[in-house]
Amino acid sequence: MSLLGVVYAIRQDNSGSTCGYCSPPGQRSAQASSFHDAHLVASFLKCEGYQVMIDRGWRRSGTYCYKPDMKRTCCPQYTIKLDALKFRPSASQRKLLNRWNRFVLHGDTSGDAQSEGHKQGAKPQHAKKCAPEYSLVESTHASEKCVLGGQGRAHTFEVTLEPSSYTDEKYQLFEAYQTSIHKDRSSPYGFTRFLVQSPLRTNPIPYSSTPPEHLPRVYGSYHQLYRLDGKLIAVAVLDILPSCVSSVYFMYDPAFEKHSLGKISALREISLAKEIHEAGADGHKYLYLGYYVHTCQKMRYKGEYSPSYLLDPEEYTWHPLQECKKELDKAHYACFAHPEHSSQTPTLQRGQRRRSWRNLFSRGLSATIPEVPPAVFESLQIIVNQDDEEPRISPFSVRLLHSHHLRRPNSSRKSQDRQWSNEVGVRETLSALVHSLGFDLARRLVYLIQE
């Protein structure tokens, strides 16, 4: 089996964290109400391995990877994906793209939103029937400089894709977006850790023929830059993976808020996934929009793109969003494959006394984490490093000790600096990781543990 990654195992912490989904912009819940099944810091991950992780409910923030505890958290987060090949934009979505294209070509079109319906309504009925099929790909590129060339236009619009990197220009855009839209503070360090750093290692996309210049050549982490008249007005943070475009984050200049750039970016990312597929990467079919949070109104917009599917939190199978909504309307935690497992309230009620991690570990493995078969533990590749001792390693892992792939975890994350309680604490954390990652993937990772 080939190695898919090297990760720092983070001790399981039962205390949880505050939640931003059920709070006003710029605020978080008063008490800890968000929990993880497992988490880790990835030194490096092959894109194939991360694809497996997001298909089991994982998500990354920089190099920190986590999987929500759906039964305990206040706002369950379901992985959502859209079939880009079957997507057909709605009338309102087409209108958004057309209005942006007109703005680029002709300048301010503030009256178009009100007048467009009248203009369309004036068309003869037979004209609608004879109209050619709408092309999302053509519409997304229609106002770009690379398509228009030297044609006259009010503005010059360019969209480019580049490997994720830090620039002052990107940070200034992020700072303005965080301050104006999310009412939150930011720092260059936080921007870098959250939206620039990535554990993903690039590898070639297996196109069947030479792709167009604007498409990526390798899987990995990217920034998609939107420029208007040379000024950076938006950035989409994307992971290009074997099966999908995974949307990590999107930020834009607040001065362009009226243009709904967030919705336009989703349409562009759908188009990107479709173009990669049509260029010969047959397995590339989806756009992953992160998490769908049914209890959070501001996150429900992800359901406007169809056909979309939610990941079942127990069987890891995909279910149509429209069918899932029926269960989500009735239950706090919804299991789509086994509705009888759904529950009306979080497993751990707010205010209920939580066991400290020391007491939890002293009693052995937590009842909520199934025991891992000894044969699976024996197959794991682990490097355990103690302060005053030589690392204890499995034979396969010895060559990784001085590998250029290894990167220290972020020292600011307190949970990474705490020492392990004892061997039981290590076993509990590895058990949680194995069950959250799945046995097949777990065997293809190397785990670094600092005692």
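These are my notebook entries on a predicted model of one protein chain.

**Ground rules.** I number residues from 1 along each chain as its sequence is written, and I leave out hydrogens and water, so that side-chain values use heavy atoms. Since the model is predicted, local features need pLDDT of at least 70 and side-chain atom pairs count only at pLDDT 80 or more, while totals for chains, interfaces and linings use all residues.

**Whole chain.** I looked up the elements and found 15 helices and 17 strands, taken as DSSP runs numbered from the N terminus (helices H or I, at least four residues; strands E, at least two). Of the 451 residues, 50% are buried, where buried means under 20% relative accessible area, exposed over 50% and partly exposed in between, with a 1.4 Å probe and protein chains only.

**Helix H2.** I then turned to H2, residues 91–106, whose 16 residues reach 22 Å from first C-alpha to last, close to the 22 Å expected at 1.5 Å a residue (the expected span is 1.5 Å times one less than the number of residues). Its buried residues are Gln 93, Leu 96, Leu 97, Trp 100, Asn 101, Phe 103 and Val 104.

**Trp 100 and the cores.** Which residues have the most contacts inside the largest nonpolar core? I find Trp 100 and Tyr 447, in a core of 100 residues; such a core is a set of buried Ala, Val, Leu, Ile, Met, Phe, Trp, Tyr and Cys residues joined through side-chain atoms within 4.5 Å. A second, separate core of twelve residues includes Val 6, Tyr 66, Ile 383 and Val 446. Not counting residues up to four places away in sequence, Trp 100 touches residues including Phe 157, Leu 228, Ile 233 and Phe 256, contact meaning heavy atoms within 4.5 Å.

**Leu 328.** My last entry concerns Leu 328, found in helix H10, residues 321–330, and buried with a relative accessible area of 6%. Leaving aside neighbours within four places in sequence, Leu 328 is in contact with Tyr 78, Tyr 292, His 294, Leu 310, Ala 334 and Phe 336.
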